[in-house]
Amino acid sequence: MLNFSKKLIHWYLQNKRELPWRQTQDPYSIWLSEIILQQTRVEQGMPYYFSFVETYPDVKALAAAPEDDVLKLWQGLGYYSRARNLHATAKKVAYDLDGVFPDTYKELKKLKGVGDYTASAIASICFNEATAVVDGNVYRVLSRIYGIETPINSTPGAKEFKALAQELIDKKDPATFNQAIMEFGATQCKPKNPYCLHCPFSESCVAFQQGRIADLPVKKGKIKVRDRFFNYLIFITPQGETLIQQRKEKGIWRGLFDFPLLETEKDLQEEHFRECVNKLMILGKDKPIKFDALPVEEIILQQRAPIIHKLSHQKLHVKFWVVKLSEASGLQTMAYERLGDFAVPRVIDRFLEDFDFKDFLE
C-alpha cells in the first residue's frame with residue numbers, strides 16, 4: 001500500500017498540470033474550484049473559475065450577490081443546482097460562520113452541495129486531514145489496478161472504494177495524494193485510450209495484465225433517458241420587444257429565464273401548432289392571457305428538425321417558434337436587447353447566438 005502512494009505521488013510531481021487552485025490552500029478557492037469541476041472538464045471549468053474569483057473575490061462577496069447574478073455567471077456550465085447550492089453555502093459561511101469555512105471533513109459535509117468528495121478535497125488540501133477523495137477518476141484507477149468488479153454505483157461499491165482509498169492515502173501528505181490520484185485518473189488512466197504502456201502501475205495493474213481495461217469500472221444498470229418535446233415561443237412586437245419568464249417550479253432550470261414554453265408529447269408539426277398552443281397561458285402585466293386572445297400576425301417555425309439537447313436523465317427535442325404580434329396587448333414584454341442580462345438555459349443561449357430579432361422587425 002505504501003508503495004502505491006510513493007509511485008503515485010512520484011508520477012504526479014513529474015506530470016501534474018499547473019492549475020490556479022493548486023497554488024493556494026485557501027478554502028474558498030478550493031471549494032469554488034471543486035464545485036465548478038463537478039461533472040465538468042478542467043478546460044471548460046477554468047474560465048468560470050477565473051470569472052467567479054474576479055467577480056466575487058471572497059465568500060462574503062459571493063454571499064452578497066443576487067442569485068440571478070450568480071446564475072448568469074454560471075450560465076453554460078449546466079447542473080444549475082450546483083450554482084444554487086454554491087450561493088446558499090456562501091451565505092451560510094459568510095453570515096452564520098463569520099466568513100470562516102469549517103476545518104474538518106465532518107463539519108464541511110454539513111454544508112449544502114458539499115458531499116463526501118468535496119469535503120475530503122477541502123479537508124485534505126486546506127487542513128491536511130487524511131480523508132481520501134473518491135470520484136469517477138478514483139473509481140476508475142482503483143478498479144483497474146486492483147481488479148475490483150463491485151459496481152461503483154452501488155452502496156457496497158461506494159463503501160469498498162472509500163475504504164480502499166482511505167487505506168492507500170499518504171497520511172503525512174494527504175493533499176498531494178488526493179490531487180495525485182485525481183490527476184492520474186484525469187490524464188493517465190483515462191476512460192478511453194489510457195496510457196498503459198507508460199504507466200507506473202502497468203506491471204501490477206489487474207485490468208492491464210488481463211486485458212480488461214474496457215470492462216472496469218463496473219456500473220450496474222443504465223439510467224432510463226426520458227424524451228421531452230419543448231416548443232419555445234419567441235414573441236416579437238413591432239416595437240422590438242419580446243417576452244421571457246423566470247422558471248419557478250422545481251427542476252434543473254429553476255431560477256433561470258426562458259421563453260414561454262409549450263411542452264408536447266411528441267414532435268409538434270406546423271399544421272398542429274395552433275390547436276396545441278391556443279389554450280396556453282402567457283404572462284401578462286395584470287394577469288395571464290390565453291394565446292388565442294393575442295393579436296398574432298404570423299407564426300414562423302425557425303427550424304424543421306428539433307434541436308437535440310441532452311441532459312443527464314433527459315433528451316430534449318427543442319423547437320423555436322417566432323410569434324409576430326401587431327401589438328404587445330397587455331403582455332409583460334421588454335426590449336430584446338436586454339436578453340443578455342438574464343441567465344438562460346444553454347440550449348436557448350446557443351440558439352440566440354445565431355438568431356437576429358432585426359430580421360423580423362419592419
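Gln-23 is placed in the loop between helix H1 (2-15) and helix H2; here helices (H or I, at least four residues) and strands (E, at least two) are DSSP runs numbered from the N terminus. At 55% relative accessibility, Gln-23 counts as exposed, where exposed means over 50% relative accessible area, buried under 20%, and partly exposed in between (1.4 Å probe, protein chains only). The C-alpha atoms of Gln-23 and Ser-81 are separated by 28 Å, and the two residues stand 58 residues apart along the chain.

The model is predicted: local features need pLDDT of at least 70, side-chain atom pairs count only at pLDDT 80 or more, and totals for chains, interfaces and linings use all residues. Residues are numbered from 1 along each chain as its sequence is written, and side-chain values use heavy atoms, with hydrogens and water left out.

The protein contains 14 helices and 11 strands. Its C-alpha trace spans about 75 × 50 × 35 Å along the principal axes. Of its 362 residues, 49% count as buried. Among the contacts (heavy atoms within 4.5 Å) with a separation of 6 or more, 67% come from residues 24 or more positions apart.

The expected span of a helix is 1.5 Å times one less than its number of residues. Helix H8, with 12 residues, reaches 16 Å from its first C-alpha to its last, close to the 16 Å expected. H8 is mostly covered, with 10 of its 12 residues buried; among them are Tyr-117, Ile-122, Ile-125 and Cys-126. The cover over the buried residues of H8 includes H2, helix H7 (105-108), helix H10 (155-168) and H11. After H8 comes Asn-128, whose phi is positive, near 60 degrees.

Helix H11 has 14 residues that should span 20 Å at 1.5 Å a residue, and its end C-alpha atoms are 20 Å apart, which agrees. H11 is also mostly covered, as 12 of its 14 residues are buried. The buried residues of H11 include Pro-174, Phe-177, Met-182, Glu-183 and Phe-184.

On a 1 Å grid over the protein atoms alone, a cavity is a set of points where a 1.4 Å probe fits but cannot get out, whereas a pocket is an open set with protein on both sides within 12 Å along at least five of seven lines; lining residues have an atom within 4 Å of a point. Grid points are joined across faces, edges and corners, and a volume is the space filled by probe spheres set on the points.

The largest pocket holds about 1400 Å³ of space. It is lined by 42 residues, and the closest to its centre are Leu-37, Gln-39, Asp-135, Gly-136 and Asn-137. At least two lining residues come from each of helix H2 (27-36), helix H3 (42-55), helix H6 (81-96), helix H8 (116-127), helix H9 (136-146) and helix H11 (174-187). H11 gives the most to this lining of the largest pocket, with 6 residues. The lining divides into 18 nonpolar, 13 polar and 11 charged residues, where Ala, Val, Leu, Ile, Met, Phe, Trp, Tyr, Cys and Pro count as nonpolar, Asp, Glu, Lys and Arg as charged, and the others, Gly among them, as polar.

The second largest pocket holds about 390 Å³. Of the 18 residues that line it, Leu-77, Gly-78, Tyr-79, Lys-310 and Leu-311 lie nearest its centre. Strand E9 (307-310) and helix H14 (346-353) are the elements that give two or more residues to this lining. By class, the lining of the second largest pocket has 7 nonpolar, 8 polar and 3 charged residues.

The structure also holds 1 cavity of 30 Å³ or more, and about 100 Å³ of space lies in the largest cavity. Its lining comprises 13 residues, with Cys-189, Cys-196, Cys-199, Cys-205 and Ile-213 nearest the centre. This lining has 10 nonpolar, 2 polar and 1 charged residues.

A search of the whole structure finds 24 aromatic pairs. Rings of Phe, Tyr and Trp (its six-membered ring) pair if their centres lie within 6.5 Å; planes under 30 degrees apart count as stacked, over 60 as edge-to-face and the rest as tilted. Tyr-232 and Phe-320 form a stacked pair, 5.6 Å centre to centre with 25 degrees between the planes. Tyr-232 lies in strand E1 (residues 226-236) and Phe-320 in strand E10 (residues 314-325), so the pair ties together parts that are 88 residues apart in sequence. Tyr-232 is buried, with a relative accessible area of 0%, and Phe-320 is buried, with a relative accessible area of 0%. Ring pairs link Tyr-232 and Phe-320 into a cluster that includes Phe-230, Trp-253, Tyr-336 and Phe-351.
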